Amino acid sequence: MSEPSNDALLAPPPPQALLERLKDYGQEDAFALWDELSPDERQLLVNEIESLDLSRIDRIIRCSLRSHGLPTAAIEPVPESSVSAVEERTLEDRERWWKMGLKAIHEGKLAVLLLSGGQGTRLGSSDPKGCFNIGLPSGKSLFQLQAERILCVQRLAAQATNEGNAAPLQIHWYIMTSPFTDESTRKFFETHKYFGLDADQITFFQQGTIPCVSKDGRFIMETPYRVAKAPDGNGGVYSALKSSRLLEDMATRGIKYVDCYGVDNALVRVADPMFLGYFIDKGVSAAAKVVRKAYPQEKVGVFVRRGKGGPLTVVEYSEMDSSLASAINQETGRLRFCWSNVCLHMFTLDFLNQVANGLEKDSIYHLAEKKIPSIHGQSMGFKLEQFIFDAFPYAPSTALFEVLREEEFAPVKNANGSNYDTPDSARLLVLRLHARWVVAAGGFLTHSVPLYATVLCLGGHLCLPCQVKWVRHRLISICWGTGSCANLEKMSLILRLRNHLPNGFCRRPLISSLGALNSGRLNGFCRNFGQPARQEEEEEEEVEIDQRRLPADYDPATFDPTEHRSPPTDRVFRLVDEISSLTLVEVAELGSILMRKKGMTEPPVVGVMKPGAAGLGLAMKGPSAAKEEKKPEKTVFELKLESFEAASKIKLIKEVRSFTDLGLKEAKDLVEKAPSVLKTGVSKEDGEQLVEKLKALGAKVSLE
Ligand code: UD1
């Protein structure tokens, strides 16, 4: 606010009609500082108030405040029959949906709609979230990842219709911004040449804003002449589509289905043909991808049924009663409300039209209590928002499609340093998935990416760039899970299983072994296939446990998700079940195929398995050996540094680096903290050579 001038001292009164209108809605305080404003500021204030649809805003504020905290209809878990679970899908279903989806895409019936109006406050970035680079070796932003996936689907759709050489049909991309993200989003796309997409296939549009209010419903003033406003939530997309006339635009383009998704999932499968095919096949008006909730306090909305036999909808994590969030289904031992919303929805255009009109009349918005910058500093007040999933109760039919968390959900919500959903955790999830694809396609990685970890072990060292070789055509079909490489995929899961063995099958939580990790011990984590299980694991008493259950010490009042790893995925359990049911002859065949594939001449020795799961390591020697259950001869060792002469420390560090992946600091730390294990999974011959070399440098070493 500028110094009051003489003009200001003789300030004309505020426009009477406008003041009266404000009084009608109890908002006349917006003019409280009128007399102290300069003429320009007064004009800004008048423009500001005139731009507001006061009667609509008043209705929304009153209805939302009045219903705040009132009991709502009881919620019920979604019946399992309403969910297409991963394990229920047959190969035929998947192929059929895939083809149907690609066909519809090729016919131009699918548009994708990105919700990108949110501000990355939790992420600690002032840029739109989509510009965020989560630190992948490629340095790609979230926007770029999504754009390239669209390009890829376009190519696949063209190939599927034998028109691979023709220019692929373009999938139209609608991007919703807000006044806070619009300019920088558009600029980012322009600067990056639309990431290889055609500029014309992208339409940016802005969602609306709504005034922030105090607890008694009065506007909070950000400055003496500006009302504090916030985007009207991602559910603002419906009215924004309507007011920007984009629903007509979609109809003109022949679009029938719209895939709406949030910007902040690094693994989001944009325009997924399989999901689209499923959606068309089911003939529903709305569908959503869901994953199983990992732990009670996970910040995800969950799908529920509102009232007995009522419609499916989502209860947002911020509005979920904590005792319901942690309620357990006694039969399954899993969470009662377990279907998490990943913010990826499919709608028919017809339904969007219906909702755009219906939701507008629904004046009950969600209230988020937040600190709001105001003329009084940071004031506590409410932001009013609609949520995209508020449309679900209007849907004549809704279908839920389970996807695998490790394949499709890598949320980027909080800044690095937080315990979950950070750029670091998302990056690790992307690298892990890509590593699995490479292995599944018969490729190999020259750097290890841990395939199984909790967020606590994240750090720069886990994200080494993977140099990969792969069989390209296999890789593409595996990535999209079309099933044509089912055997390969299965094989990769088996390979993956080896990484689970030490922890996936013993009672001690993985986190305890991770705690022992330092940056130099990555090799210890990505254990060599041939490395024997550690002694204490072998001695551990075997107890039948169901790891899909919550931890035995689970208490909703004190549960800290970061201290427990989330349960292995259903896919892992399915695989375990499958392997457990193999006959010994089949196990032997599996073993020898794996060995051939891995170019191994010696059978590996693996750790503890549950009863019923025949030891792969033994089985690799053939059925007869498995039957004999002979204790295998030790073939791999740990190279241990006991002590060393101070004068040879530098040479020793250099030598250690020559046979490990360690950086200088990590190798130095490892040497200095002797006694320490320098390398695991060493063959006898290699180990003896290393022992000789290190002894020559004045070190005392052993091979155990
Ligand atoms: C969202 C979902 C939650 C889900 C979780 C999965 C909503 C309301 N909540 O939670 O149920 O489990 O993702 O990660 O969908 N956005 C706008 N305009 C806005 C506000 C948000 O476009 O006014 C966009 C954001 O840019 C983002 C998406 O909506 O792309 C999700 O918004 P965000 O606020 O991040 O939702 P979450 O709390 O993470």
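Author: What follows sets values against definitions, one topic at a time.

Author: The model is predicted; local features need pLDDT of at least 70, side-chain atom pairs count only at pLDDT 80 or more, and totals for chains, interfaces and linings use all residues. Residues are numbered from 1 along each chain as its sequence is written, and side-chain values use heavy atoms, with hydrogens and water left out.

Reader: What makes up the secondary structure of the chain?

Author: The chain has 26 helices and 22 strands. Helices (H or I, at least four residues) and strands (E, at least two) are DSSP runs, numbered from the N terminus.

Reader: Why is cysteine 343 called buried?

Author: Buried means under 20% relative accessible area, exposed over 50%, and partly exposed in between (1.4 Å probe, protein chains only). Cysteine 343 has 19% relative accessibility, so cysteine 343 counts as buried. Cysteine 343 lies in strand β14 (residues 339-348), and its phi is near 65°, a positive value in a residue other than glycine.

Reader: Why is aspartate 421 called buried?

Author: The relative accessible area of aspartate 421 is 14%, so the residue is buried. Aspartate 421 sits in the loop between α13 (405-408) and α14 (423-440). Aspartate 421 also has a positive phi, about 50°, although it is not a glycine.

Reader: Where is the cis peptide bond, and what is its omega?

Author: The cis bond joins alanine 674 and proline 675, with omega about 10°. Proline 675 is in the loop between α25 (664-672) and β21 (676-683).

Reader: Which residues come nearest to the ligand?

Author: Gln207, Glu316, Tyr317, Asn341 and Lys413 come nearest, out of 25 residues around the ligand. A residue is near a molecule or strand if one of its heavy atoms lies within 4 Å of it. The shell around the ligand divides into eleven nonpolar, nine polar and five charged residues. Here Ala, Val, Leu, Ile, Met, Phe, Trp, Tyr, Cys and Pro count as nonpolar, Asp, Glu, Lys and Arg as charged, and the others, Gly among them, as polar.

Reader: How many aromatic pairs does the structure hold, and why is the pair of tryptophan 97 and tyrosine 278 called edge-to-face?

Author: The structure holds 18 aromatic pairs. Rings of Phe, Tyr and Trp (its six-membered ring) pair if their centres lie within 6.5 Å; planes under 30 degrees apart count as stacked, over 60 as edge-to-face and the rest as tilted. The ring centres of tryptophan 97 and tyrosine 278 are 5.1 Å apart and the planes are at 80°, so this pair is edge-to-face. Tryptophan 97 lies in helix α5 (residues 91-106) and tyrosine 278 in helix α10 (residues 273-282), so the pair ties together parts 181 residues apart in sequence. Both tryptophan 97 and tyrosine 278 are buried.

Reader: Why is the pair of phenylalanine 189 and phenylalanine 195 called edge-to-face?

Author: Their ring centres are 5.2 Å apart and their planes at 80°, so the pair is edge-to-face. Phenylalanine 189 is buried, at a relative accessible area of 0%, and phenylalanine 195 is buried at 9%. Ring pairs link Phe143, Trp173, Phe188, Phe189, Tyr194, Phe195 and Phe204 into a cluster.

Reader: What does phenylalanine 204 touch?

Author: Not counting residues up to four places away in sequence, phenylalanine 204 touches Ile175, Thr177, Thr185, Arg186, Phe189 and Tyr194; contact means heavy atoms within 4.5 Å. Phenylalanine 204 is in strand β5 (residues 202-206).
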